[in-house]
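Here's a quick walk through some aromatic contacts and helix packing. Keep the viewer open and follow along.

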Amino acid sequence: MVIAKVFMVFSAGIILTLGVLHLVYTFGGPKLTPRDPALQFSMSQISPVITKETTMWRSWVGFNASHSMGLILFGLVFGFLALAHGQLLFQSPFLLVVGLAMLGGFVVLSKVYWFSAPFTGTCISLACYVASIVASRV
């Protein structure tokens, strides 16, 4: 069970790290800003069709922040469960399937919409997650 916990904590730690980095990049520095300053200006002037209460830029920042929070939550919850409640986690098909679906979704999203660094990180996290499940069954 120790090996299973180590793999799960490593999987959760990767996602937690990606989430924290993404949150830092969202609010600090230029990493998530457009290369063309005119695009950011335009985004700050235009509302989405759904509402005029916000702008595309504010929505962009909010989406990035909430995405980061989701990654951080996943990492904290699954890391905590592995360390403090390993039996509960590894004996719960519901929790294991939810985690697997989330990580699988992150892998697909990162392949289709993002770039190589998050794709690599989410693939490694998914591999560790699957290895933790296999190790828990041995």
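Phe78 and Tyr129 are both buried. Keep in mind that this is a predicted model, here and in everything below. The two rings make an aromatic pair of the edge-to-face kind, with 6.0 Å from centre to centre and 65 degrees between the planes. Phe78 belongs to helix H3 and Tyr129 to helix H6 (residues 116-137), so this pair ties together parts that sit 51 residues apart in sequence.

How many aromatic pairs does the structure hold? There are 2. In the other one, the ring centres of Phe74 and Phe78 are 4.5 Å apart and the planes are at 25 degrees, so this pair counts as stacked. Both of these Phe residues come from helix H3 (residues 56-84), where they are 4 residues apart, or about one turn of the helix. Put together, the ring pairs link Phe74, Phe78 and Tyr129 into a cluster.

| Lysine | Ring | Distance to ring centre |
|---|---|---|
| Lys31 | Tyr25 | 5.4 Å |
| Lys111 | Phe119 | 5.1 Å |

On the H5 side, the residues making the contact include Leu95, Leu96, Gly99, Leu100, Leu103, Gly104, Phe106 and Val107. H6 brings in Pro118, Thr122, Cys123, Leu126, Val130 and Ile133, among others. Lys111 and Phe119, the lysine and ring from the table, are also part of this contact, with Lys111 on H5 and Phe119 on H6. Tyr129 of the ring cluster is another of the H6 residues in the H5 contact.

Gly105 is worth a click while you're in this area. Its place is in helix H5 (residues 93-113), and it counts as partly exposed because its relative accessibility is 27%. From Gly105 to Thr122 you go 17 residues along the sequence, and the C-alpha atoms are 9.4 Å apart in space.

H6 packs with helix H1 (residues 2-27) too: the angle is about 160 degrees and the axes are 7 Å apart. That angle makes H1 roughly antiparallel to H6. The crossing of H1 past H6 is left-handed. From H1, the residues that meet H6 include Ile3, Ala4, Phe7, Met8, Phe10, Ile14 and Leu18. On the H6 side you'll find, among them, Gly121, Ile124, Cys128, Ala131, Ser132 and Ala135. Thr122, Ser125 and Tyr129 also meet H1, and these three are on the H6 list for the H5 contact as well.

Last stop is Asn64, back in helix H3. Is Asn64 buried or exposed? It counts as buried, because its relative accessibility is 10% and the cut-off for buried is under 20%. Which residues does Asn64 contact once its neighbours within four places in sequence are left aside? His22, Thr26 and Leu32 are the ones in contact with Asn64.

Key:
Residues numbered from 1 in each chain as written. Predicted model: local features only at pLDDT ≥ 70, side-chain atom pairs only at ≥ 80, totals over all residues. Heavy atoms only, no water. Phe/Tyr/Trp six-rings, centres within 6.5 Å; stacked < 30°, edge-to-face > 60°. Helix = DSSP H or I, 4+ residues; strand = E, 2+ residues; numbered from the N terminus. Buried < 20%, exposed > 50% of the residue type's maximum accessible area, 1.4 Å probe, protein only. Lys NZ or Arg CZ within 6 Å of the ring centre and 35° of its normal. Contact = heavy atoms within 4.5 Å. Axes fitted to C-alpha atoms, helices over the stretch in contact; angles between N-to-C directions. Parallel < 35°, antiparallel > 145°, perpendicular 65-115°, else oblique. Left-handed = near helix turned anticlockwise from the far one by under 90°.
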